[in-house]
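User: Can you walk me through this one? I'd like to start with how the strands pair up.

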Amino acid sequence: MARTQKITTHLWFNGNAEAAVEFYTSVFPDSRVTNIARWGEGGPGPQGAVLNIAFELAGQSFLALNGGPQYTFTPAISLFVSCESQAEVDELWTKLLAGGGRPNACGWLDDCYGLSWQIVPTALIELMSDPDPKASGRVAQALMGMQKIDIASLRRAYLAA
């Protein structure tokens, strides 16, 4: 029997949920829209306009709501994406910045809808978890100088004596 995801991330948009979901599902493999709810007659939104969209990114469930201008995204909440290779980091970084996104420090970026993402290679976690505080410290120092994370630079810092 398939297990239902108990906790689903709910994202609040200001009238552009449908465009955002189309963008996100184009970026990640194994992604799809699973349901669209539209305003009916007499609702507070225009009849037929999108109220919310259920969707999956890489198999993870999300819900996007056209809630209005009351709330906006902040980096206090971000979506953390584990990447197995530099090619995957590069691809996701480029795609998520498309259309007006903004890079930030240490693998963080804000996409064109204002949602914060962390594009992080698994190699960073491995190198930062080394029990040698000098080696992991060198990795942390290298990371502080990066926007998009570069695995080769992290490994060079790790191996430096």
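Predicted model: local features only at pLDDT ≥ 70, side-chain atom pairs only at ≥ 80, totals over all residues.

User: Which residue of strand 3 is the bridge partner of V33?

Analyst: F55 in strand 3 is bridged to V33.

User: And how do strand 3 and strand 4 pair?

Analyst: Antiparallel, over six bridges. The bridge partner of A54 in strand 4 is L63.

User: Strand 1 and strand 4: parallel or antiparallel?

Analyst: Parallel, with five bridges. On this side, L63 of strand 4 is the bridge partner of H10.

User: What's the strand order in the whole sheet?

Analyst: The order is 1-4-3-2, in an open sheet of four strands with mixed pairing. Strand 1 (9-13) and strand 2 (32-38) are the edge strands, each pairing on one side only. On average, neighbouring strands of this sheet are turned by 20 degrees against each other, direction ignored.

User: Where does helix 1 lie?

Analyst: Helix 1 (residues 17-27) lies across strand 1, strand 2, strand 3 and strand 4 (60-66). Helix 1 runs at about 10 degrees to strand 3.

User: Switching topic. Where is D111?

Analyst: D111 is in the loop between strand 7 (108-110) and strand 8 (116-121).

User: Is that side chain buried or exposed, and what is the nearest opposite charge?

Analyst: D111 is buried and has no salt bridge. The nearest side chain of opposite charge is R102, 9.9 Å away.

User: Why doesn't R102 count as a salt bridge?

Analyst: The cut-off is 4 Å between a side-chain nitrogen of Lys or Arg and a carboxyl oxygen of Asp or Glu. R102 is 9.9 Å from D111, so there is no salt bridge.

User: Which side chain makes a polar contact with D111, then?

Analyst: W117, with a polar contact of 2.8 Å between the two side chains.

User: What else is D111 in contact with?

Analyst: Leaving aside neighbours within four places in sequence, D111 is in contact with F23, Y24, L96, G101 and W117.

User: Zoom out. How many helices and strands does the chain have?

Analyst: Five helices and eight strands. Along the sequence the pattern reads β-α-β-β-β-β-α-β-β-β-α-α-α.

User: What are the spans of the C-alpha trace, and how much of the chain is buried?

Analyst: The C-alpha trace spans about 70 × 40 × 25 Å along its principal axes. Of the 161 residues, 37% count as buried.

Terms used: Residues numbered from 1 in each chain as written. Heavy atoms only, no water. Helix = DSSP H or I, 4+ residues; strand = E, 2+ residues; numbered from the N terminus. Buried < 20%, exposed > 50% of the residue type's maximum accessible area, 1.4 Å probe, protein only. Lys, Arg positive; Asp, Glu negative; His and termini not counted. Polar contact = N/O pair within 3.5 Å; in protein donor to acceptor, adjacent residues only side chain to side chain. Contact = heavy atoms within 4.5 Å. Pairing = 2+ DSSP bridges. Axes fitted to C-alpha atoms, helices over the stretch in contact; angles between N-to-C directions.
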